[in-house]
Amino acid sequence: MSKLVTTGLTKAFSGLVAVNDVSFTMEEGEILGIIGPNGAGKTTFIHLVSGILMPSSGRVEFKGKDITYMPAHERSRLGIARTYQLIHPLENLKVIENVMIGAVFSRGKSLKEARRSAEAICAELGLERLERDTAQLSILEIKKMEIARALANEPEVLFLDEVMAGLNSDETLQLIATVKRIALERKMAVGVVEHVMGVIRELTQRVIVLEAGELIAEGPYETVSKNPRVIEAYLGGAA
Amino acid sequence: MKLKSSYIVVAVLSVIAIAFPAFLGAYPLNVARSIMTYMALAISWDMLLRSGQISFGIAGLFGLGSYASALAVLRGGMDPMLSIVFAAAFAGVMAYALGFAILRLRSMYFSITTLALMEIFRIVMHNLHDFSGGPEGVVLPSVIFKGASPALYWLCLAGLFLTIGVSWFFEKSKMHLALTAIRNDETSARSSGVNIFNYLLIAFVITSVLQGMMGAIQVQSYGFTTPDTAFDANFTLLPLAMALLGGIHSTIGPMAGAVLLGVASEWLKLKIPYGHLVVYGIIIILVILFMPQGLFGLARKARRERSKAGASHE
């Protein structure tokens, strides 16, 4: 059974249709790229799937269960986690507490157990000195912390919204390798939004392309990147 | 080791607080009770503030507790001690019912609504002549414990200890994670499985129970109340000033602030009657301008600076 299915998912903000009739599926163990020009509706789409926004119409299913209007905190308990394009550190909590929080509230672990699993996840990501304040972290460390927080939910479906943005190429390569390894180990379905096409090529088996809220292409990166409609969406319709 | 020594400090301070009546007369005990009442209110206000919600309704819940307790004794013939429990529960139930509406509000909308609620409670008590005594208020047939100062002091101290205990639990349990996450970033909190409304409701009900309880203890200790004493805006403003001075988002901050401001105001009251309120105003302005995190916030910051300096020397 597919992990995640959307059917005709649509979100309109008083006239502006940000996501328009998008139907797609995500399978276990799959890393899916979600690409498209700025304003294509990628982030809105993730908001709809993770429950931060409610759709205008359409349907979201998680492992066959209808979750279209389920609140975000319940979805995270069910197994859908995500990071944010704009970083969201909890600045009055220590790094370790930032990561623990998903384990405590999504998985219902005790503080002690949650701390232990958060430490394990941070170790896996190479995030150290966990008693620090978030203000002391570098941008790479904050990104890792946000991934760690999402992983602490022990998700089956994970969305990474431009986590590589702002990192240099070494850091990006390192993080790609880590994400790939963890996704494989945990058999997660991972949705990756990125503007850096190199990342998409390295990381994903399949790509969906959004333009003006609509799904215009789907398939392996090599095929999709040669699709004339996709090229037009990115480069404009002048040709 | 560090933990153990702090336990010893707490134990010693508790024993001293319990033993106060052995070497203090009625007047200092009375002053101590007033300070402890404000301290408990300051801590309870801070507990909700940890979620980012600024309540101006402390006096509302406090007054509600006062009236619930007084009327339970007067109209229902309830035992005074039991009436304190009843009043605390009543404040909790009211907060639970109101919470469904007002906890959907944020920032100044929440604050203004809590302020308005306090005013509504006061006006209702003011106008329910037959039931609440109207503007003249209620007079109880007798003061609890026959007005014995040590007993009244211990009753108030018990209320304070309970408040400190709950606040400490908030700091050490997952409430701390939930409330801080809600304060810092509600979106992150939701994505991490925090049921925001539930945790706000829990915090609002528990702090209201504590405020109602302190109101009930107050009315049973004085034997009377009126709408203007029970819902006195000072029960909102002074705890707020104390918490701000001592340092918000902690238990120890409001406690220190209450001792400092409480003692200072007693002294100022003797020197310049009513002038102490001017001094309060000035303190609030200076604190907000120059140390918005309060005294303990300054100490925390200094410690952090030092640890950062230490780290860079490694």
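**Chains A and B of a predicted model**

Q: Is Leu41(B) buried or exposed?
A: This is a predicted model, in which local features need pLDDT of at least 70, side-chain atom pairs count only at pLDDT 80 or more, and totals for chains, interfaces and linings use all residues. Residues are numbered from 1 along each chain as its sequence is written, chains are lettered from A and ligands numbered from 1 in the order in which they are written, and side-chain values use heavy atoms, with hydrogens and water left out. Buried means under 20% relative accessible area, exposed over 50%, and partly exposed in between (1.4 Å probe, protein chains only). Because its relative accessible area is 0%, Leu41(B) is buried.

Q: In which helix of chain B is Leu41(B)?
A: Helices (H or I, at least four residues) and strands (E, at least two) are DSSP runs, numbered from the N terminus. The run that holds Leu41(B) covers residues 26-49 of chain B and is helix 2.

Q: Which residues does Leu41(B) contact, leaving aside its neighbours within four places in sequence?
A: Contact means heavy atoms within 4.5 Å. By that rule the partners of Leu41(B), with neighbours within four places in sequence set aside, are Ile58(B), Phe62(B), Gln211(B), Met214(B), Phe235(B) and Pro239(B).

Q: How many of the 19 residues of helix 3 of chain B are buried?
A: Helix 3 of chain B covers residues 58-76. The helix is largely enclosed by the rest of the structure, because the number of its 19 residues that are buried is 16.

Q: What area do domain 1 and domain 2 of chain A bury between them?
A: Domain bounds come from an automatic or database domain assignment, here 1-79 + 155-239 for domain 1 of chain A and 86-154 for domain 2. Buried area is the accessible area (1.4 Å probe) that two parts lose on being put together, summed over both. With 60% of it on carbon and sulfur atoms, the area is about 1500 Å².

Q: Which residue forms a salt bridge with Arg186(A)?
A: A salt bridge is a side-chain nitrogen of Lys or Arg within 4 Å of a carboxyl oxygen of Asp or Glu. The rule finds 1 across the interface of domain 1 and domain 2 of chain A. With the closest N and O atoms 3.5 Å apart, the partner of Arg186(A) is Glu124(A).

Technical notes. Expected span 1.5 Å × (residues − 1).
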